[in-house]
Amino acid sequence: MSPPGATTAAAKAKRIDFRQTLLNLCQREFEAACGLVSQAGSGDAPALKAGSTTTLSGSLQFLAYLYLHALLTDRIMLSCLLLVSTGGAGAAAPEAASDRLTGEAGRQRVECLTKALTIAGRQ
């Protein structure tokens, strides 16, 4: 007979970790908002598709709030900001990043980044 409140190994294995589930869902939503796709068969890095900036802005703001409440690490937040700022190229082509931030799409990206940094900067 087991003492009350004791958990079995099977119960521990079935336990759902809320934090991990939330982070996995956020990652999928952020990738969908960014329009990240990798070309099957081509060794190219994922490219950022032109997508709804409202969804991207909302996703980035939500990530900033998660960061503010210490649910995201510095590394994850910086990689998300870098991904949005460079249009999916990452740090591979920093000289071309300024070209991606011009025009209407660039202005909207800068707006998204500004809102996210304003929220995350409170920490």
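I call a residue buried when its relative accessible area is under 20%, exposed when it is over 50% and partly exposed in between, with a 1.4 Å probe and protein chains only. The model is predicted, so I kept local features only at pLDDT of at least 70 and side-chain atom pairs only at pLDDT 80 or more, while totals for chains, interfaces and linings use all residues. Residues are numbered from 1 along each chain as its sequence is written, and side-chain values use heavy atoms, with hydrogens and water left out.

**Helix α2**

I took helices as DSSP runs of H or I with at least four residues, and strands as runs of E with at least two, numbered from the N terminus. For the expected span of a helix I used 1.5 Å times one less than its number of residues. Helix α2 has 17 residues (18–34) and should therefore span 24 Å, which agrees with its end C-alpha atoms being 24 Å apart.

I then looked up which residues of α2 are buried, and found L23, C26, F30, A33 and C34. They lie on the same side of α2, because they cover an arc of only 90° around the axis, the arc being that of the directions from the helix axis to the C-beta atoms. On the other side of α2, R28 and A32 are exposed. The cover over the buried residues includes α3 (53–68) and α4 (74–86). Just after α2, G35 has a positive phi of about 75°.

**Cysteines**

Counting a disulfide as a pair of cysteine sulfur atoms within 2.5 Å, I found 0 in the structure. The sulfur of C26 has its closest cysteine sulfur in C80, 9.7 Å away, which is too far for a bond. C26 is buried, with a relative accessible area of 9%, and C80 counts as buried at 9% relative accessibility.

Note on methods. Contact means heavy atoms within 4.5 Å.
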